[in-house]
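Trainee: Hi, could we go through this model together? I have a few quick things to ask.

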Amino acid sequence: MTDHAISGLSRSDPLAAVSPLDGRYASRTAPLSPYASEAALMRARSRVEVEYLIELAALDATPIALGEAAEAALRAVYEEFSAEDARLIKALEVEGAEGYAATNHDVKAVEYFLRVRLDGLEESGAVADAETLSPWIHFGLTSEDVNNLAHRLLLEPAVSEVLVPAVREVRDALVDLAQEHRETPMLARTHGQPATPTTFGKEMAVYASRLGRALGRVVVANGDLSGKLAGASGTYAAHDAAYPDVDWRSFSRSFVHGLELEYTPLATQVNPCDDLAALFDALRGVNNVLLDLDLDAWLYVSDRYLGQRAVEGETGSSTMPHKVNPIDFENSEGNLSKANADLTFLADYVTSSRLQRDLSDSTVKRNVGAALAHCLIGYGKAESGLAKVVPNEAVMREELAATPEVIGEAVQTILRREGDTDAYERVKELTRGRSVTLEDFRELFGDLDVDEDVREELRALTPAGYVGVADDLVDEVDE
């Protein structure tokens with residue numbers, strides 16, 4: 001077999017990445033690494049296990065207790081989690097380490113990691129008896145109790161601290177364009193044909209408003225993430241068998257709320273994940289708004305309504321030197337489309353589990369970060385595209401002037417107001433399927449049986465001036 005390996009290229013080099021998310025786009029997706037990487041999941045699992053141990057020690061029923069100093073030392077294990085810690089957990093899983101055989105189980109590896117760290121805390125005097133505490137790590141839990149909480153502890157800040165601010169930057173750029181060009185008249189198109197004029201600013205305001213509402217749904221869904229901690233079949237069976245007098249339902253509710261998550265009281269072994277599906281669907285809503293924007297921006301560039309600032313040294317086309325291509329909008333479109341495909345798959349998949357548990361969702365959930373990464377790239381590219389565009393008012397006005405038939409709506413509406421029952425038909429006969437000029441309209445106005453002030457009102461109509469209250473509508477964008 002031919003060896004296709006590239007000489008001198010390390011697997012850790014971004015140029016060797018099998019996904020562009022950690023290769024070509026590594027710098028753009030880096031903000032998600034603290035929430036979407038395997039090391040991040042290890043740290044989150046450690047947090048859940050440590051906090052659970054602390055809560056168990058606080059129960060009167062259990063024979064263990066921790067002072068404030070011991071609790072602080074335990075919390076430091078995940079708060080100061082390092083690359084060395086992550087590598088140890090991985091070694092415990094795949095090779096064996098510190099006297100433990102390979103677990104071939106990622107959550108069990110975290111349990112053994114914490115036992116190793118407990119031994120170290122005993123040596124330092126931070127805890128009194130590691131051997132007594134060790135059996136209480138992961139006491140009565142199934143892996144899903146840890147995983148469902150850990151995933152949500154990562155997903156919530158990934159969305160709130162990375163994705164939401166990125167979307168707000170796009171929305172702010174749209175609001176700025178809307179305000180700056182609120183009075184810039186532009187031919188509208190419905191069904192691809194010339195239609196009642198609008199302003200460029202008003203059209204950007206529409207997108208800003210839609211994006212704001214969609215983002216609001218993301219924020220709500222992100223705040224509704226819900227966790228479970230109820231054992232292997234969701235019945236607290238192991239907990240109840242060990243300590244039947246403890247109110248484990250109340251304990252679980254308090255513990256999950258302490259992690260700042262909503263509480264799921266009824267579950268199988270698996271958290272039903274309807275909360276994740278709602279968040280993924282909300283993110284798709286944001287993406288759909290931006291996909292619509294990307295397509296329209298591309299068309300506006302094509303129609304020369306939008307120019308683009310050239311970046312010095314950048315190549316537009318490898319063969320046509322003059323070109324400044326709308327690559328940011330195209331890149332955003334591609335990444336958001338990929339993100340939506342992933343989010344749809346995830347939302348559909350994670351809400352199903354055969355009977356009380358199957359493990360197929362485990363590998364699927366590892367791809368949540370990839371979906372978020374495509375979102376992040378798409379948001380950044382859309383914002384970059386908006387930062388480069390320059391509305392070409394001269395072209396917009398030129399096309400308006402060449403399309404006088406669009407005032408036909410205004411003409412027939414004013415004539416209706418004056419009681420002309422044939423107004424629509426009269427304008428239709430003049431304009432439909434024909435090339436007309438403003439002079440053609442003025443000849444029509446001269447033949448009308450209307451008061452002179454109405455005739456002057458009609459003669460004052462121009463395509464560029466027929467934009468209604470578009471400029472005022474910009475102020476409808478919610479701040």
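Trainee: Which element gives the largest share of the lining of the second largest cavity?

Mentor: That is α12, with 4 residues. Helices here are DSSP runs of H or I with at least four residues, strands are E runs of at least two, and both are numbered from the N terminus. A cavity is a set of points on a 1 Å grid over the protein atoms alone where a 1.4 Å probe fits but cannot get out, and lining residues have an atom within 4 Å of a point.

Trainee: Before I go on, what should I know about the model and numbering?

Mentor: This is a predicted model, where local features need pLDDT of at least 70, side-chain atom pairs count only at pLDDT 80 or more, and totals for chains, interfaces and linings use all residues. Residues are numbered from 1 along each chain as its sequence is written, and side-chain values use heavy atoms, without hydrogens and water.

Trainee: Back to that cavity: which residues line it?

Mentor: Among them are Phe 200, Met 204, Leu 293, Asp 296 and Tyr 300. α9 (200-223) and α12 (274-302) each supply at least two lining residues.

Trainee: And which residues line the largest cavity?

Mentor: The lining includes Arg 45, Glu 144, His 151, Asp 361 and Lys 365.

Trainee: New topic: how do β3 and β4 run?

Mentor: Strand β3 (residues 185-190) and strand β4 (residues 193-199) run antiparallel, joined by 5 bridges; strands pair if DSSP finds at least two bridges between them. They form a hairpin with 2 residues between them, and His 191 in the turn has a positive phi of about 60°.

Note on methods:
On a 1 Å grid over the protein atoms alone, a cavity is a set of points where a 1.4 Å probe fits but cannot get out, and a pocket is an open set with protein on both sides within 12 Å along at least five of seven lines; lining residues have an atom within 4 Å of a point.
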